[in-house]
Amino acid sequence: MQEPSAMETKKMEKNTDPAVEGGLERLTQEKITKTINEVLEKETGIRLKTYVETCMRCGLCSDACSYFLSNDRDPSYSPAAKVKQTIWEMIDKKGKVSKDFLRRAVHISHLECNVCRRCSMYCPFGIDIAYMMLLVRRICHKLEITPQYIQDTVNSHSVTLNQMWVKEDEWIDTLQWQEEDAREEFEDLRIPLDKEGADIMYSVIAPEPKFQAGLIYQAAVMMHAAGMNWTMPSMPGWDNSNMAMYTGDNEISGRIARTFYEAAANLKVKRIVMGECGHAFRSIYDVGNRWVSWAMPPFEVVHALEFYHELLTQGRITIKENYTKKVTLHDPCNVSRGRGLHDKAREVVNMICTDFVDMVPNREHNYCCGAGGGVINCGPPYKGERMVNNRVKAEQLKATGAEVLIAPCHNCHSGLEDIVHHYELDMEVKFLGDIIFETMEKKVYKQGE
Amino acid sequence: MNGFIDFIMGPMVWISVMIFIVGLILKVAGIVRKVREKESYIFSYMTLYHSLRSIGAWLIPFFPRATRQQPVFYAVSYIFHLALFVVPLFLSAHIVLVEEAFNVSWPALNDGVADILTVVIVAALGFFAGRRILVPEVKFLTSVKDFFLIFMVLLPFLTGFLAYHQVAAYEWMMIVHILSGELMLIIIPFSRFSHMITAPLTRAYMGSEFGNVRHARDW
C-alpha cells in the first residue's frame with residue numbers, strides 16, 4: 001500500500017474514514033443536489049418546515065448537549081448549530097452544497113450527536129433536533145457516505161439479519177453451549193428454542209452471542225429460577241438491534257423490524273422481553289414499528305429493567321444477599337427519556353443494593369453516555385474524539401464517588417467503560433443483570449413449586 | 001396628509017388586523033392539512049392530555065429544569081412576552097380609539113404602568129440583541145434577519161413611547177408608530193413571529209411523543 005503524502009493528509013478533516021472519503025470521491029454535484037432535494041421533497045413535509053420556521057435561534061438548547069458542555073461551550077457543538085451547519089444550509093442552498101460541506105455534515109450527524117433527544121427538553125418549543133440529525137444521516141446514506149464501521153454493521157444486518165455476521169448455526173450453537181454449561185449447576189435448565197405459544201420471547205442483540213455469551217447464561221438462570229415459560233427464536237429475527245435505523249437506511253431497518261416481529265408472531269408468544277440494550281429497545285418499541293406501519297408495537301415490548309422489576313416485586317426471584325458496594329446508576333436515553341423506566345430502575349437498584357448514590361442530573365435529564373445513537377458504532381477511528389466529547393459524563397461519574405457504575409444498556413456500557421478507562425475513574429461498569437445474578441438465590445426450579 | 005393619516009388609522013388598521021388573524025388561522029389550517037396529506041402519523045401520536053400537560057408545564061415560570069438553568073433569560077422572556085400583549089391591548093389610548101369606533105371598551109392600564117412596561121419591552125429587546133452579539137452560542141446562530149425581527153418589535157413600542165411623551169416631531173412619530181404596528185401585525189403570520197401559534201403545536205407534538213409514547217416528561 002502506498003503511503004499517503006503529507007499534503008493529502010493535511011487536507012482531510014481529522015479522522016475521516018475511507019468509506020466517507022471514497023463515497024465523496026464518487027459523488028458529482030448533480031447527484032448531490034438531486035439526492036438532497038429528493039429526500040427533502042419526498043420524505044419530509046410540514047413537520048420539518050415548521051421546525052425550521054419556529055426555531056428562534058435562541059441557543060437555549062445548547063445547555064442540553066454533552067458535546068457542547070464537554071467542549072467548553074464551543075458554539076459549533078450546540079444542537080441548533082448542528083442543524084444550522086447541516087439541514088438549514090441544505091434547504092437554503094436548495095441542495096447545492098459542496099463535498100467539504102458534506103464531509104462535515106457526515107461528521108456532525110454521525111459523530112457529534114447521539115440523537116438522545118435531551119435538547120428537545122431544553123428547547124422552549126420542543127423542537128425535535130434528533131429528527132433533523134437523523135434526516136441528515138438519511139441524506140448521507142443515500143449519498144453513500146456513511147462511516148465505514150457502522151455501514152459494515154448495516155451490511156451484516158442486510159445479509160444475515162443480525163448485526164455481527166452471526167451465522168444461523170453459530171447462534172443455535174451458542175445457545176446450546178450456554179444451556180449445557182448452566183445445566184451443570186441447574187439440572188433442568190433449558191434455553192427453549194422455537195417453543196410455540198410461550199409466554200415470553202426473550203431477545204438479545206447480536207454482540208451477546210458474539211462476545212458476551214455469559215449474559216445469555218445469566219438471563220437463562222433468571223428465567224429458570226423464576227419458572228418462566230419462555231423461548232428464543234432459532235431463526236433470523238432473534239437479534240433486536242438495528243443499526244440501519246441510525247444510518248438512515250430505512251429500507252433495511254424496516255426489514256430488520258419486520259423479521260423481528262414475524263419471529264414473535266410465528267412463535268405465537270404473548271410478549272417480548274428484551275435484554276439490557278437501549279437502542280434495540282428504541283428500534284422495536286419506537287422506530288421499527290412505525291416504519292412497518294404500526295403506531296405502536298403489535299406485541300407488548302418489555303425492557304430488561306421492567307422485567308427485573310416484575311421478577312423482584314412478584315417474588316419470582318429473591319435476593320439472597322444484598323449488594324454492598326457503593327453503586328450509581330446511568331439512565332440510558334432510550335429507556336429513560338425513551339420509555340420512562342428510570343424510576344423502576346431505581347426501585348430495582350434499591351431492592352438489591354444497600355448503598356446507592358444518584359448522579360446529577362438524573363432520570364430524563366441524565367447526560368448521554370456519548371456512545372449511543374450509532375456514535376460508538378462508527379468505530380475505533382473516532383474513539384479519541386468520543387472521549388473528549390464526553391468529558392462532562394466523566395465529571396458527573398466522578399462526583400458520585402461510586403465504586404460500581406450500573407449501565408443497563410449495551411451502548412452505554414461500552415461507551416462508559418471507555419470513559420472510565422480514559423479518565424481513570426476507578427469504577428467497575430456492570431449491567432443490572434450482572435448484579436442481580438450475583439446476589440440472587442440461584443434456585444433449581446421444580447415445576448409446581 | 002390628513003387623508004393618509006385617516007387611511008392608516010382607519011381601513012389600514014382593519015386590513016392589518018385581518019391579515020394577522022386570517023393569516024394565522026390559514027397558517028394553522030395549512031399545517032394541519034399538510035400533516036394530514038403527508039405525515040398523518042403525527043395525529044396518531046398526539047393526545048390532548050399530553051399536549052396540554054407539556055404546554056402547561058412550560059407555561060409555569062421556572063418549572064421546567066431548563067428554565068432554571070437560564071434564570072435571567074427566562075425571567076426577561078416571561079416579562080417581555082407578557083408586556084408585549086398587555087401594553088397594546090390595555091393601553092388607554094388604544095381603548096379610546098376602539099371605543100370611538102365601536103362603542104365597546106374594557107378596563108385600561110394605568111398610563112404610568114404602561115409607560116414602565118414599554119421601557120421594560122425596549123430593555124428586553126436590548127437584552128435579546130446584546131445576547132445575540134455577546135453570547136457565543138447565540139451569535140453562532142444569529143443572522144441579520146434576527147436583528148431585523150428585533151427592530152420590527154422595537155419600532156412600534158419605541159415610537160409609541162416617544163409620541164406619548166411628545167419628545168419630538170409628534171406627528172411623524174405617530175405615523176411611524178401606527179405604520180410599524182400595522183406592519184408588525186402583517187408580518188407575524190409570514191415570519192418567525194408566527195412561533196406564537198406554531199410553538200404550541202411543536203410543543204404539543206413533542207409533549208405527546210414524550211408522554212404518550214415514551215412515558216416520560218419533557219420538561
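Reader: Hi! What area is buried between chain B and chain A?
Author: About 4200 Å² is buried between chain B and chain A, and carbon and sulfur atoms give 57% of that. Buried area here is the accessible area, taken with a 1.4 Å probe, that two parts lose on being put together, summed over both. This is a predicted model, where local features need pLDDT of at least 70 and side-chain atom pairs count only at pLDDT 80 or more, while totals for chains, interfaces and linings use all residues. Residues are numbered from 1 along each chain as its sequence is written, chains are lettered from A and ligands numbered from 1 in the order in which they are written, and side-chain values use heavy atoms, leaving out hydrogens and water.

Reader: Thanks! Which residues in chain B lose the most area to chain A?
Author: Phe140(B), Leu141(B) and Arg214(B) do, together giving 17% of what that side buries.

Reader: And how many residues of each chain are in contact?
Author: In chain B, 42 residues are in contact with 53 residues of chain A, contact being heavy atoms within 4.5 Å.

Reader: How many salt bridges does the rule find across the interface?
Author: Five between chain B and chain A, a salt bridge being a side-chain nitrogen of Lys or Arg within 4 Å of a carboxyl oxygen of Asp or Glu. Glu209(B) forms a salt bridge with Arg290(A), with the closest N and O atoms 2.8 Å apart.

Reader: New topic: is His410(A) buried or exposed?
Author: His410(A) counts as buried because its relative accessibility is 7%; the cut-offs are under 20% relative accessible area for buried, over 50% for exposed and partly exposed in between, with a 1.4 Å probe and protein chains only.

Reader: What does His410(A) touch?
Author: Leaving aside residues up to four places away in sequence, His410(A) touches Ile205(A), Glu208(A), Gln212(A), Leu215(A), Glu276(A), Cys277(A) and Phe431(A).

Reader: Where does Pro61(B) lie?
Author: Pro61(B) is in the loop between α4 (48–59) and α5 (65–69) of chain B; helices are DSSP runs (H or I) of at least four residues, numbered from the N terminus. Pro61(B) is partly exposed, at a relative accessible area of 49%. Its C-alpha atom is separated by 8.0 Å from that of Tyr74(B), 13 residues apart along the chain.

Reader: Last one: how many residues has the largest nonpolar core?
Author: It has 175 residues, and those with the most contacts inside it include Trp230(A) and Leu432(A). Such a core is a set of buried Ala, Val, Leu, Ile, Met, Phe, Trp, Tyr and Cys residues joined through side-chain atoms within 4.5 Å.

Definitions and conventions:
Helices (H or I, at least four residues) and strands (E, at least two) are DSSP runs, numbered from the N terminus.
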